[in-house]
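Okay, thanks for making time, everyone. I'd like to walk you through one model this morning, a few residues at a time, so let me put it up on the screen.

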Amino acid sequence: MLHLPPSSPAPSNFKETREAMSKESNQTTQVDEKELTHLPGQDLNLEKAKHHDVQRGLWRSIFIIVTCTAAMVVNATSTSSVSISLPTIERDLNIKEEQLQWLVSAYTLSSACLLMFFGRLADIYGRKKTFMIGTFCQVAFSLGGSFAQSGTMLAVLRGLQGIGTAATVPAALGILAHAFPPSRMRSIAFATFAAGAPVGGAFGMITGGILTQISSTHWRSGFYLVAVMSALTGVSGMISFDADVTSTEAVDWIGASLVTVGLVLIVFVLGQGEVASQGWKTPYIITLLIVGIIMISLFLLWERYLEQLIDDPSRTPSAWTPPPLMRLSLWTRAKGRMAVILVVAFLNWCCFLSWTFWAQLYYQNYLLLTPVQTMLRFIPLFVVGCLCNVFVAMFVGKLPLVVFAVSGTLVTASAAILFALIDPSVTYWAFGFPSTVLVVFGADFVYSSGTIFIAKIALPHERSVAGALFQTMTQLGTAVGLTVSTLVFNIVVKNQSADVGVTVNSAGTNAPRSSQLKGYKSAQWTCAAFALMAALLAALFLRGVGIVGDKKIIKDVDTDQTVAVESESKDG
């Protein structure tokens with residue numbers, strides 16, 4: 001149960017409030033305000049001083065946290081329920097094994113490419129509206145996926161389904177940062193939100209495994225489930241969220257188009273380069289890769305140009321030069337440590353979700369376990385994930401960020417190493433269980449502490465887009481991790497099979513079991529390499545960040561703009 005403290009006496013003046021808040025901030029973090037923002041005239045603790053006598057009710061605050069967390073649960077459920085159903089989908093729709101990763105990657109890729117765009121829309125046109133649009137997309141395209149009759153159709157609908165996540169997740173992050181000022185309550189809210197990932201992942205694994213095995217519609221039932229969950233989340237958001245505060249700023253449509261097209265092309269090439277007719281020498285693979293790199297380069301140049309215009313006080317506002325979709329200076333916040341935590345999140349997710357993908361394929365395709373038997377082996381992930389987030393909520397105000405980042409990524413790497421050394425002849429408790437227990441540490445530690453850190457250094461008008469940037473890196477990490485590990489798996493299986501005189505067919509069904517096992521192990525070594533790189537970066541560059549959580553609980557209040565909008569609505 002979350003408890004909001006009683007109202008404290010109002011400070012005598014604004015200056016005293018700022019001084020008191022600044023003193024508290026200096027005690028809880030070693031990074032000073034100028035170092036965090038690098039923006040003149042902006043005060044990190046300014047938000048702490050904007051309090052009112054109007055207080056949000058306890059139950060409404062709880063519902064806000066629960067609804068935002070539910071959005072993360074739906075996101076993770078949508079991935080894990082499909083992941084555990086992959087072997088069944090492969091047989092039902094006659095999909096080649098090397099193309100299976102697209103049923104996961106299409107979802108994460110589309111959401112990753114559109115997260116910043118929807119984050120910007122949320123900051124401008126309203127986070128509640130954006131959240132509702134996202135839940136509608138989840139409902140519509142989840143139902144569409146349940147009726148797919150081919151692998152291609154399902155992959156396309158999975159990509160469209162990812163649009164819903166691209167809208168709901170950054171909006172939810174912005175809503176939490178807006179609703180809860182820097183305090184222990186904010187730490188609890190963000191830790192609870194992060195817990196939605198392991199909860200949703202485990203829930204999707206459990207329900208997806210059961211529904212796939214025992215229901216008459218098999219894997220299609222998982223899509224029905226996600227549609228219902230999304231609808232309930234949307235209804236809850238409509239009731240509990242604060243009224244939107246909108247802006248008249250224009251949207252950077254050019255930047256959104258450039259980054260979306262560029263990312264789609266690059267990740268598509270990474271996934272198809274190895275299986276194309278002539279491999280990486282295939283003309284369309286080379287062409288698309290070059291075009292994708294050019295698009296990303298143009299996006300960065302365009303965003304830099306817009307940022308320079310915005311910072312020029314003499315400029316004339318124009319619809320052709322809107323505020324940038326992503327300020328490049330955002331990456332340099334806290335002396336570049338913003339960029340470090342984003343890269344750490346990217347690398348950690350390259351490992352975490354790829355581990356999940358290959359572990360469940362190993363259980364079902366190599367050990368020939370049923371979906372329910374596979375699901376049971378993932379239950380420890382759910383339990384440990386929840387405990388990790390409780391730990392973060394308790395200690396994020398006491399331990400520095402580097403402790404969470406380094407320890408989490410190292411433990412995740414050890415999980416992948418355990419699976420890479422697995423012996424199929426021994427019990428699950430020897431390798432599978434400890435690997436499942438350990439793998440979630442990095443995801444929860446990095447996500448919880450990382451989002452709190454970003455919410456702390458982001459300015460109020462860019463919280464959704466900053467949260468979207470963090471989520472984009474995790475989603476891109478999922479797509480790239482799956483792509484690279486699939487590439488390694490295919491190469492190893494092909495080479496190992498050739499060594500014993502077997503030419504693997506297009507579906508990979510005739511590969512010797514020894515070659516398959518070597519492929520699964522190599523994919524897990526690849527996952528471990530990603531997590532170890534994340535740990536090294538965190539250890540080298542995050543040592544000076546200090547504590548990012550807040551120890552003191554500040555009363556939960558509505559902001560100036562929210563109160564004003566709600567008052568106008570009541571008067572109207």
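Let's start with a locating exercise: in which loop does Asp-252 lie? Asp-252 is in the loop between helix H10, residues 220-240, and helix H11, residues 253-272. Before I go on, please keep in mind that this is a predicted model.

Now, is Asp-252 buried or exposed? With a relative accessible area of 1%, Asp-252 is buried, because buried here means under 20%. And what is Asp-252 in contact with, once we leave aside its neighbours within four places in sequence? The list is Trp-302, Glu-303, Leu-306, Pro-322, Pro-323, Pro-324 and Leu-325. Take Pro-322 from that list: Asp-252 and Pro-322 are 70 residues apart in sequence, yet their C-alpha atoms are 5.6 Å apart in space.

Trp-302 counts as buried at 18% relative accessibility, whereas Tyr-305 is partly exposed at 39%.

A second pair takes us elsewhere: Phe-489 and Tyr-520, also tilted, at 5.1 Å centre to centre and 45° between the planes. Phe-489 belongs to helix H18, residues 463-499, and Tyr-520 to helix H19, residues 513-541, so this pair ties together parts 31 residues apart in sequence. Both of those residues, Phe-489 and Tyr-520, are buried. They also belong to a cluster linked by ring pairs, together with Trp-355, Phe-357, Trp-358, Tyr-362, Tyr-363, Tyr-366, Phe-378 and Phe-419.

The charged end of Arg-377 sits over the ring of Tyr-363, 5.9 Å from its centre. The charged end of Arg-377 also sits over the ring of Tyr-428, at 5.5 Å from that ring's centre.

Back to helix H12 for a moment, which runs over residues 283-310. Which residues form the nonpolar patch on the surface? They are Ile-286, Ile-290, Ile-294, Leu-298 and Leu-301, with about 460 Å² of accessible area together. Ile-286, which lies in H12, is partly exposed, with a relative accessible area of 40%.

On to charges. How many salt bridges does the count come to? Three. In one of them, the side chains of Arg-60 and Asp-242 meet at 2.5 Å, N to O. That pair links distant parts of the chain, 182 residues apart: Arg-60 is in helix H4, residues 58-83, and Asp-242 is in the loop between H10 and H11. Arg-60 is partly exposed at 26%, while Asp-242 is buried at 9%.

Another one joins Arg-127 and Asp-123, with the closest N and O atoms 2.8 Å apart. Arg-127 is buried at 12% relative accessibility, and Asp-123 is buried at 11%.

Then there's Glu-307 with Arg-327, where the closest N and O atoms are 3.5 Å apart. Glu-307 lies in helix H12 and Arg-327 in the loop between H12 and H13, so this pair ties together parts that are 20 residues apart in sequence. Glu-307 and Arg-327 are both buried.

Last stop, some backbone and loops. Most residues other than glycine have a negative phi. Which way does Asn-94 go, positive or negative? Asn-94 has a positive phi of about 55°, and it is not a glycine. Asn-94 is in the loop between helix H5, residues 86-93, and helix H6, residues 101-125, and it is exposed, with a relative accessible area of 70%.

Leu-368 has a positive phi as well, near 60°. Leu-368 lies in the loop between helix H13, residues 337-366, and helix H14, residues 371-377. At 63% relative accessible area, Leu-368 is exposed.

And one more loop residue, Ser-425, found between helix H16, residues 401-420, and helix H17, residues 432-457. Ser-425 is exposed, at 64%.

Note on methods. Residues are numbered from 1 along each chain as its sequence is written. This is a predicted model: local features need pLDDT of at least 70, side-chain atom pairs count only at pLDDT 80 or more; totals for chains, interfaces and linings use all residues. Side-chain values use heavy atoms; hydrogens and water are left out. Patches are made of residues with over 30% relative accessible area and no salt bridge: like charges are joined within 9 Å, nonpolar side chains (Val, Leu, Ile, Met, Phe, Trp, Tyr) within 5 Å. Accessible areas come from the Shrake-Rupley method with a 1.4 Å probe; for residues, only the protein chains shown count as cover. A salt bridge is a side-chain nitrogen of Lys or Arg within 4 Å of a carboxyl oxygen of Asp or Glu. Helices (H or I, at least four residues) and strands (E, at least two) are DSSP runs, numbered from the N terminus. Buried means under 20% relative accessible area, exposed over 50%, partly exposed in between (1.4 Å probe, protein chains only). Rings of Phe, Tyr and Trp (its six-membered ring) pair if their centres lie within 6.5 Å; planes under 30 degrees apart count as stacked, over 60 as edge-to-face and the rest as tilted. A charge sits over a ring if NZ of Lys or CZ of Arg is within 6 Å of the ring centre and within 35 degrees of the ring normal. Contact means heavy atoms within 4.5 Å.
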